[in-house]
Amino acid sequence: MALDLLFHGAAGCVTGSCAELGGPGFRVLVDCGMFQGSKTLKALNYQPFPFDPGKIDAVLLTHAHIDHSGLLPKLMKAGFSGPIYATAGTRDLCRIMLADAGGIQESEVRHLNRRNQRRGREMVEPIYTEADARRVMDQFVKVKLGEPIQVLPGLEAVWWEAGHILGGASVEVRAESGEGPTRLLFSGDLGPGGRDYMPDPEGPSGVDHLILESTYGDRARERVTPEARRALLARELIAAHAAGGPLLIPAFAVERSQELLADIMTIMDDGQAPEADIFLDSPMATEVTEVFRERGWNRATGVNPFTSLHGAGRLKFTPDPSDSDRLEQLRGWHVIMAASGMCDAGRVRRHLKRLLWNREATVLITGYQAVGTLGRLLVDGARRVRIQGEEFRVRARIRSIEVYSGHADATGLVEWARAREPVRGSIFLDHGEPPALEALAVRLTEAGTPRERVIIPQVDQAYRLTPAGAEAEPAPPPRIAPGLAAAPDWHNARAQMILDLNERLEGMSPEARESLIRRIGELVAGAEET
């Protein structure tokens with residue numbers, strides 16, 4: 001019996017990482033992440049798994065980000081009872097992040113059900129609750145980097161430093177099959193290297209198959225020193241101060257928030273930018289900061305740069321909603337950092353509602369923005385947006401810097417992949433949008449990998465593996481069409497249409513407005529009939 005590899009997420013898109021590996025007597029998952037982005041893509045989180053969770057023997061977890069770990073409680077609820085192998089840092093972060101995700105789902109479902117009740121629609125249930133998230137932590141088993149783990153008879157795994165976030169790792173799997181031993185390496189998310197906050201990514205060489213993330217496969221960034229990175233951020237702080245209003249940073253609660261806080265405090269302490277109160281308006285980021293203060297040692301430097309992050313002085317935490325509400329009373333220069341980093345959930349939405357229209361305010365985007373998210377719309381230059389059904393004109397300064405990306409760029413991805421040579425079989429490219437996937441395939445080919453050995457899977461696609469190659473297997477229809485996995489959907493189109501319609505109506509005479517609305521009504525009626 002040969003090995004089979006199925007891609008249930010992060011295929012043709014950046015989120016929902018979940019690969020299923022099967023062989024003689026075992027079936028394991030590498031990651032079990034939540035889909036993020038368009039509503040069509042996020043709807044997959046509510047559907048049944050495309051496999052039987054009760055037949056999964058174990059989960060090999062690369063890191064704690066929700067798009068890699070976020071459906072573990074749902075997996076448990078659906079019948080999975082096996083171990084979840086992860087590093088200590090990943091386990092500690094998942095304890096916070098999964099409980100937070102469950103609490104958010106409960107809160108948003110309560111809000112949605114109130115609306116559904118008024119509209120006469122059916123009630124909905126959260127994917128999982130905070131209690132479910134806490135219960136799944138009992139299944140975590142701690143692993144150490146570089147130490148082989150006997151997952152099952154005939155299946156061994158080793159975790160390697162990925163340089164992405166605290167606890168993040170690439171996972172090497174050594175599997176026995178009827179065709180001999182096979183070594184696979186799942187990159188997980190790879191860091192850019194050269195950071196003072198994280199070690200450089202590592203990994204073994206001479207694997208049979210490589211599963212490689214491709215988030216920035218179409219982009220090469222200028223490599224900057226920590227000093228140059230802080231200088232870039234200092235310029236943004238100075239410009240935001242000159243604009244006369246607050247600086248809002250939508251930030252991911254894990255890693256990005258802590259790195260930004262450490263740099264902002266260093267910049268202000270050194271007099272490189274005007275001093276300000278800094279508000280970390282994210283309970284989860286506050287809890288995560290404590291984990292970083294305890295475990296944030298960089299093995300490469302022997303230093304923990306996060307020890308200075310505490311609640312004294314200019315850095316202030318807002319654990320309670322009432323603390324967050326009081327931020328609305330502030331005027332003038334201050335800094336607010338709030339999750340989520342893609343602007344589509346959490347407290348940051350409330351801040352965007354009150355600041356986007358303000359010409360004196362600045363919104364600084366510091367991380368990857370998936371297609372269909374509010375953050376992506378802002379980065380792409382939208383002048384009007386809808387947030388929770390309300391329309392807002394964008395007058396604030398929208399800025400974006402990439403020097404805080406936790407992902408390797410195209411050059412770094414190719415260099416890391418080349419260091420894993422010889423790769424005797426195939427290189428599978430996942431965790432990327434189509435332009436990035438195609439561009440990275442070209443770069444790998446130019447670096448010497450035959451193009452036929454570079455495979456770009458789609459959601460739910462399956463492959464039969466041998467040590468020397470991979471062959472696509474027949475598979476059921478995918479849960480989402482390939483073109484929709486990383487594209488704006490009809491929800492995005494509807495929101496844009498409403499924005500365009502309102503803007504058009506504002507400039508019309510009353511007679512023209514009535515005529516246009518009548519014609520739209522006729523089109524809608526005709527569509528219902530057909």
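Is R183 buried, partly exposed or exposed? At 24% relative accessibility, R183 counts as partly exposed, where buried means under 20% relative accessible area, exposed over 50%, and partly exposed in between (1.4 Å probe, protein chains only). The model is predicted, so that local features need pLDDT of at least 70 and side-chain atom pairs count only at pLDDT 80 or more, while totals for chains, interfaces and linings use all residues. Residues are numbered from 1 along each chain as its sequence is written, and side-chain values use heavy atoms, with hydrogens and water left out.

An open sheet of mixed pairing is formed by seven strands in the order β7-β8-β9-β10-β11-β20-β21; two strands pair if DSSP finds at least two bridges between them, and helices (H or I, at least four residues) and strands (E, at least two) are DSSP runs numbered from the N terminus. Because β7 (149–152) and β21 (454–455) each have a single partner strand, they stand at the edges, and one side of each is left without a neighbour in the sheet. Strand β11 (residues 209–213) pairs with strand β20 (residues 427–430) in the parallel sense over four bridges, and L210 stands opposite I427 in β20. Helix α13 (residues 434–446) packs on the sheet, touching β11, β20 and β21, and its direction makes about 150° with that of β20. Helix α12 (residues 410–419) lies across β9 (169–177), β10 (180–186) and β11, running at about 165° to β11. Contact means heavy atoms within 4.5 Å, and axes are lines fitted to C-alpha atoms, for helices over the stretch in contact, with angles from 0 to 180 degrees between N-to-C directions.

A search of the whole structure finds 35 salt bridges, each defined as a side-chain nitrogen of Lys or Arg within 4 Å of a carboxyl oxygen of Asp or Glu. In one of them, R183 is joined to E172, with the closest N and O atoms 2.8 Å apart. Since R183 lies in strand β10 and E172 in strand β9, the pair ties together parts that are 11 residues apart in sequence; E172 is buried, with a relative accessible area of 0%.

A salt bridge also joins E415 to R223, where the closest N and O atoms are 3.2 Å apart. This pair links distant parts of the chain, with E415 in helix α12 and R223 in the loop between β11 and α6 (226–243), 192 residues apart. E415 is partly exposed at 45% relative accessible area, whereas R223 is exposed at 52%. Finally, R91, D92, R95 and R295 are linked in a network of salt bridges.
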